[in-house]
Amino acid sequence: MIDTIREFIKCNMSVNQTAHNLFVHCNTLNNRLLRIKKLFELDPKNTEDLFQLFIGYITFYYQQTL
């Protein structure tokens, strides 16, 4: 899920480009984004929610490097 969020942000929320970069079908990516939405109660397709997910990603990344 972390790779999906990171790539989704890098691709400026483009489902097609993200799916291409992750080598998955667009439906697979949409299912992943839906799963993220259900787990975290944050919609990755909503800019404000995506920002919160990004902050969570940054926090997770820095905890892993300590």
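Read along its sequence, the protein chain runs α-α-α-α. That comes to four helices and zero strands; helices here are DSSP runs of H or I with at least four residues, strands are E runs of at least two, and both are numbered from the N terminus.

A word on the source. This is a predicted model, where local features need pLDDT of at least 70 and side-chain atom pairs count only at pLDDT 80 or more, while totals for chains, interfaces and linings use all residues. Residues are numbered from 1 along each chain, and side-chain values use heavy atoms, without hydrogens or water.

Overall size next. The C-alpha trace spans about 35 × 25 × 20 Å along its principal axes. The radius of gyration is 11 Å, which agrees with the value near 11 Å for a compact globule of 66 residues. That radius is taken over C-alpha atoms, and the globule rule is 2.2 Å times the number of residues to the power 0.38.

Now the inside. Buried residues (under 20% relative accessible area, 1.4 Å probe, protein chains only) make up 26% of the 66. Which residues make up the largest nonpolar core? Six do: Phe8, Val15, Ala19, Leu29, Leu33 and Leu50. Helix H2 (15–22) and helix H3 (26–40) each give two or more residues to this core. A nonpolar core is a set of buried Ala, Val, Leu, Ile, Met, Phe, Trp, Tyr and Cys residues joined through side-chain atoms within 4.5 Å.

Take Val15. Leaving out residues up to four places away in sequence, Val15 touches Phe8, Cys26, Leu29, Asn30, Leu33 and Lys45. Contact means heavy atoms within 4.5 Å.

How values were computed: Buried < 20%, exposed > 50% of the residue type's maximum accessible area, 1.4 Å probe, protein only.
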